[in-house]
Amino acid sequence: MFKQSMTTNNELLNNWVKEVASLTKPDSIYWCNGSNDEYQSFVEKMLETGDLSKLNSETFPNCYLHRSDQSDVARVEHLTFICSKEKDDAGPNNNWMDPQEAHEKLDNLFEGCMEGRTLYVIPYCMGPIDSKLSRCGVEITDSPYVVANMYLMTRMGTPALKRIEDENKFVKGIHSIGDLDPEKRFIMHFPEEETIRSIGSGYGGNALLGKKCHALRIASWQALKENWLAEHMLIVEIENPSNEKFYVAAAFPSACGKTNLAMLIPPEGYEGWTVKTIGDDIAWLNMDENGQMWAINPEAGYFGVVPGTNEEDNENAYKAIQRDAIFTNVGLTDNNEPWWEGRLDGTPSIDWKGNQLEEGNHCAHPNSRFTVSAKNNPQYSELADSPSGVPITAIVFGGRRSELAPLVYEAKDWNHGVLVGASVGSETTAAAAGDIGIVRRDPMAMKPFCGYNFADYFSHWLSFSEQSDNLPKIFHVNWFRKNEEGFIWPGFGENLRVLDWIIKRCQKNVDAKEMPIGFLPNNNDINTSGLNISEETMDELFAINPDQWLKEMDSIEDFFKEYGDRMPSQLFDEHKKVVDSLKEYSSD
């Protein structure tokens with residue numbers, strides 16, 4: 001018999017925990033209660049084992065460094081599978097494995113994998129505990145590091161367990177670090193079973209099963225069946241000097257300014273405006289009886305990439321990680337502070353592997369991370385805890401394009417907006433493997449995270465136009481347009497100027513000019529007061545090259561055709577409208 005700290009009156013959960021324990025054979029079972037005392041006890045345990053080391057307690061109080069295995073430093077998309085019963089339900093956007101084959105493979109790997117270890121049971125709630133929009137899960141793990149991170153990232157413990165006992169429904173997540181052998185590393189999702197099984201990795205995105213695995217891959221499947229949306233989107237609260245509040249959800253591929261927008265600081269000239277963070281990474285959107293979209297952030301913390309974070313470029317994120325944070329795979333300064341590329345002070349001394357820093361080497365791993373409670377953010381919005389969520393004013397998609405896309409444009413209607421989101425492309429940067437400047441399609445920034453066939457996902461998005469006349473307006477932004485002198489738009493806090501125009505469009509307070517790709521701002525409708533930017537430069541930012549766009553539309557059509565007969569005809573109809581309009585515009 002296993003030693004257990006407690007159990008539950010929920011027979012479904014109890015039986016499942018016993019079943020997993022029988023397979024994995026831990027020495028004991030511990031049920032997490034989610035208290036701060038418990039978190040501190042896990043920290044102390046990891047300090048003793050060396051899984052954590054304490055950072056400078058005067059400058060970074062209650063902050064710790066974790067070094068992962070050097071083969072285990074990022075999400076492993078090629079080892080991440082959707083195990084739906086039918087291969088076509090997973091789609092070309094996912095790796096697929098037959099569920100029976102996957103379970104057999106994993107059963108062999110999980111057999112006895114927790115011998116000599118403790119099995120931790122983590123009940124958690126994605127979203128506010130008392131929100132009808134939230135969903136619960138239970139992660140079983142043998143990693144104290146995972147427990148500590150889940151404490152910071154989710155609403156875990158006794159309150160979540162109570163909700164699970166009442167609902168008798170939860171997503172099942174099973175995780176073990178195994179022996180960290182990359183050849184035995186798999187992250188498997190079983191959408192019909194609402195189950196996740198992950199082995200061989202301790203890295204956040206592979207091991208914190210509430211995050212991408214539950215909140216996007218499984219939740220997107222749930223959302224398809226239950227008529228809502230689980231999206232890779234930030235949610236930001238914007239209040240103007242008239243005390244009117246607006247809520248914008250925005251999706252960006254990596255390296256496109258997502259965290260900066262989520263924690264934006266108003267620029268000079270925007271006194272009286274406030275921007276607060278509801279969420280930095282994931283949004284769950286539900287439509288009410290009036291056809292209004294509402295959103296919650298299912299997470300309670302941030303698991304962010306730390307390189308590039310500093311007080312000049314992202315002051316709120318930098319302030320958030322000055323205390324009560326776990327750093328993973330950063331370097332160290334000569335006075336035991338965390339150090340990463342982009343930090344503006346400190347003398348780097350030890351690299352992320354624990355060795356003396358050698359010239360030319362990275363001090364921090366490029367994918368090094370911080371984990372911290374969202375409440376550490378100075379601009380945290382209390383509405384992040386609202387059970388009803390927040391009403392979404394606008395949805396914004398963005399990509400990194402040096403020439404093609406203007407600074408901002410508005411979709412002509414919801415279905416056109418779905419085309420805009422489904423077409424999102426970003427040029428690769430030096431941070432990505434492979435050639436620089438190649439356009440990669442990342443629809444709605446969901447390519448690594450959609451738990452089912454993109455063709456069905458696009459159909460689901462399109463279905464909302466038949467359900468409501470009160471949907472958010474959809475926009476596209478591009479902060480990264482270039483000329484021979486470099487980036488044209490200053491970005492960062494100045495992006496509020498673009499959001500200001502977006503809000504005015506949603507209020508119907510400003511007109512726009514109709515172009516083949518959508519509605520663009522009229523001259524001088526973007527507030528550039530105080531910026532050193534000429535009218536000619538603004539014209540560059542909004543120039544539309546029809547020949548470039550026609551090539552882009554050809555590329556988009558080729559991408560859509562990869563999804564075969566399941567692709568919705570409405571999306572091809574929207575595509576044809578844009579192409580026909582571009583041809584007409586080009587011939588004028």
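**Close-up views of the predicted model**

**View 1. Phe-81 counts as buried, at 12% relative accessibility.** Buried means under 20% relative accessible area, exposed over 50% and partly exposed in between (1.4 Å probe, protein chains only). Phe-186 likewise has 12% relative accessibility and therefore counts as buried. The model is predicted, so local features need pLDDT of at least 70 and side-chain atom pairs count only at pLDDT 80 or more, whereas totals for chains, interfaces and linings use all residues. Residues are numbered from 1 along each chain as its sequence is written, and side-chain values use heavy atoms, with hydrogens and water left out.

View 2. Because Phe-81 belongs to strand E5 (residues 80-82) and Phe-186 to strand E11 (residues 186-190), the pair ties together parts that are 105 residues apart in sequence. Phe-327 and Trp-340 form a stacked pair, because their ring centres are 5.9 Å apart and their planes at 15°. This second pair links distant parts of the chain, 13 residues apart: Phe-327 is in strand E20 (residues 326-328), and Trp-340 is in the loop between strand E22 (338-339) and strand E23 (348-350). Phe-327 is buried, with a relative accessible area of 0%, and Trp-340 counts as buried at 0% relative accessibility. Rings of Phe, Tyr and Trp (its six-membered ring) pair if their centres lie within 6.5 Å; planes under 30 degrees apart are stacked, those over 60 edge-to-face and the rest tilted. Strands (E, at least two residues) and helices (H or I, at least four) are DSSP runs numbered from the N terminus.

**View 3. Helix H12 (residues 454-463) is mostly covered, with 9 of its 10 residues buried.** Among the buried residues are Phe-454, Tyr-457, Phe-458 and Trp-461. At the start of H12, a side-chain oxygen of Asn-453 comes within 2.8 Å of the backbone nitrogen of Ala-455. Phe-454, Tyr-457 and Phe-458 also belong to one aromatic cluster, together with Trp-221, Tyr-452, Phe-559, Phe-560, Tyr-563 and Phe-572.

**View 4. Ile-278 lies in strand E16 (residues 274-279).** At 3% relative accessibility, Ile-278 counts as buried. Beyond its neighbours within four places in sequence, Ile-278 is in contact (heavy atoms within 4.5 Å) with residues including Ile-235, Glu-237, Asn-297 and Val-390.

**View 5. The charged end of Arg-400 sits over the ring of Phe-480, 4.0 Å from its centre.** Lys-172 lies over the face of Phe-170, at 5.2 Å from the ring centre. A charge sits over a ring if NZ of Lys or CZ of Arg is within 6 Å of the ring centre and within 35 degrees of the ring normal.

Technical notes: A polar contact is a pair of N or O atoms within 3.5 Å; within protein, one must be able to donate a hydrogen and the other to accept it, and residues adjacent in sequence count only if both atoms are side-chain atoms.
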